[in-house]
Amino acid sequence: MEANSTLDRPRRAAKWGFLARFGVVLLAFAALFGASTQARAVDGCKVLLCLAAPSWRSIPECVPTINQLHRDLARGKPFPVCSMAGAGNSANNTWASAPGYCPPQYTRVFDGESGPIYSCDYAGAVTVNINGAPFTRTWWNMGGDTVTEYTPAAKAQLGTWDTKFDDDYAAWFAALPPPAPVAESGY
């Protein structure tokens, strides 16, 4: 029995060596395919279509795509492109900067030692252009909150849209103090 055990050792060692190499190759392929699946960028064409919709949140296929877009932008990844978009159809992200590039209803002002300090409720805005003209601008923040501003052309074409941006603006405008009366100079 010992003679057989001694003779079987090289075969078992070779078998285990083959299995170990096969396992390493299998793990390498799994890691390669697993990493490529997780690192896949969002589809720029799908992003463009979703952001041009009346409400991307109401389209189940758009929700994970746009949420991934916001996570990617928050991590500094570039905005995805759509090679099939056609001339004049594009989208790009611009970082918010209050008070210059932030809607007034989402701009906050705090008193600072050297003067007012401005902040924006949103980190950036994705502008969608259709036929070379602005169509929508979706303001987004790191927490995943968004609000979409629709141009008059988009409203006319869509017929219905998410009115949160317009409603927030109307509420902000209604809450403004009345203008100071014009003082008469006496002349």
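**Pairing, packing and burial in a predicted model**

Modeller: Gly 112 has Gly 115 of strand 3 as its bridge partner. The model is predicted, so local features need pLDDT of at least 70 and side-chain atom pairs count only at pLDDT 80 or more, while totals for chains, interfaces and linings use all residues. Residues are numbered from 1 along each chain as its sequence is written, and side-chain values use heavy atoms, with hydrogens and water left out.

Colleague: What makes strand 1 and strand 6 edge strands?

Modeller: Four strands form an open antiparallel sheet in the order 1-4-5-6. Strand 1 (90-95) and strand 6 (146-150) each pair on one side only. The twist averages 20° from one strand to the next. Ala 125 has Trp 139 of strand 5 as its bridge partner.

Colleague: Why does Thr 138 count as buried?

Modeller: Buried means under 20% relative accessible area, exposed over 50% and partly exposed in between (1.4 Å probe, protein chains only). Thr 138 has 1% relative accessibility and therefore counts as buried. This residue lies in strand 5. Beyond four places in sequence, Thr 138 touches residues including Leu 51, Trp 56 and Val 126, where contact means heavy atoms within 4.5 Å.

Colleague: What joins the side chains of Thr 138 and Thr 148?

Modeller: A polar contact of 3.1 Å joins them. The term requires a pair of N or O atoms within 3.5 Å; within protein, one must be able to donate a hydrogen and the other to accept it, and residues adjacent in sequence count only if both atoms are side-chain atoms.

Colleague: Why is helix 2 called roughly perpendicular to helix 3?

Modeller: Helix 2 (residues 44-51) and helix 3 (residues 62-74) pack at about 110°, with axes 10 Å apart. That angle makes helix 2 roughly perpendicular to helix 3, because 65 to 115 degrees counts as roughly perpendicular, under 35 as roughly parallel, over 145 as roughly antiparallel and the rest as oblique. Among the residues making the contact are Val 47 of helix 2 and Leu 69 of helix 3.

How values were computed
Axes fitted to C-alpha atoms, helices over the stretch in contact; angles between N-to-C directions. Helix = DSSP H or I, 4+ residues; strand = E, 2+ residues; numbered from the N terminus. Pairing = 2+ DSSP bridges.
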